[in-house]
Amino acid sequence: MNFKVGDKVVVIAGSDKGKEGTIIKTLRRENRVVVEGVHVVKKHQKNDGQGNGGIIEMEAPIHASNVMIVDPKTKKRTRIGHTTDKDDKKIRITKKSNEKLD
């Protein structure tokens, strides 16, 4: 999986198609990501003694294949490539504009 926390992504499939947001959590084993403001579900939460019970809304994970990175230069969705820099360190780049990510 090529996504990291803080990446700006757009949803390309599903009921939230077209929505943009930033990744707030990655679940590498399940190949899923949690995107801010996308796939919001209602969860019934038991009272914890502090009065924090009831129905809360939270973001649920979506599959990583349903999101694409947003190119910082063109503001359109793009694929991610890999290359090395001067110090032979592996870096992520966007395929559309060859911009360095991170």
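What percentage of the 102 residues in the protein do buried residues make up? The first point gives the answer.

1. Burial. Buried residues account for 28% of the 102 residues in the protein. Here a residue is buried under 20% relative accessible area, exposed over 50% and partly exposed in between, with a 1.4 Å probe and protein chains only.

2. Basis of the values. This is a predicted model, in which local features need pLDDT of at least 70 and side-chain atom pairs count only at pLDDT 80 or more, while totals for chains, interfaces and linings use all residues. Residues are numbered from 1 along each chain as its sequence is written, and side-chain values use heavy atoms, leaving out hydrogens and water.

3. Secondary structure. The protein contains 10 strands and zero helices, so that its pattern along the sequence reads β-β-β-β-β-β-β-β-β-β. These elements are DSSP runs numbered from the N terminus: helices are H or I of at least four residues, and strands are E of at least two.

4. Overall dimensions. The radius of gyration is 17 Å, whereas a compact globule of 102 residues would have a value near 13 Å. The radius is taken over C-alpha atoms, and the globule rule is 2.2 Å times the number of residues to the power 0.38. The C-alpha trace spans about 55 × 30 × 20 Å along its principal axes.

5. Contacts and surface. Of the contacts with a separation of 6 or more, 37% join residues 24 or more positions apart; a contact means heavy atoms within 4.5 Å. The protein exposes about 7,200 Å², and carbon and sulfur atoms supply 45% of that area. Accessible areas come from the Shrake-Rupley method with a 1.4 Å probe; for residues, only the protein chains shown count as cover.

6. Strands β9 (residues 80-84) and β10 (residues 90-94) run antiparallel and are joined by five bridges; two strands pair if DSSP finds at least two bridges between them. I80 stands opposite T94 in β10. Five residues lie between the strands of this hairpin, where D88 takes a positive phi near 60 degrees. Four of the five residues of β10 are buried, leaving the strand mostly covered.

7. Two asparagines with positive phi. N31 has a phi near 60 degrees, a positive value in a residue other than glycine. N31 is placed in the loop between β2 (20-27) and β3 (32-35), and is partly exposed at a relative accessible area of 31%. N98, in the segment after β10, has a positive phi near 55 degrees. At 56% relative accessibility, N98 counts as exposed.

8. Surroundings of K19. K19 lies in the loop between β1 (8-11) and β2 and counts as partly exposed, at 38% relative accessibility. Not counting residues up to four places away in sequence, K19 touches V9, V10, V11, G37 and V38. K19 and D85 are 66 residues apart in sequence and 32 Å apart in space, C-alpha to C-alpha.
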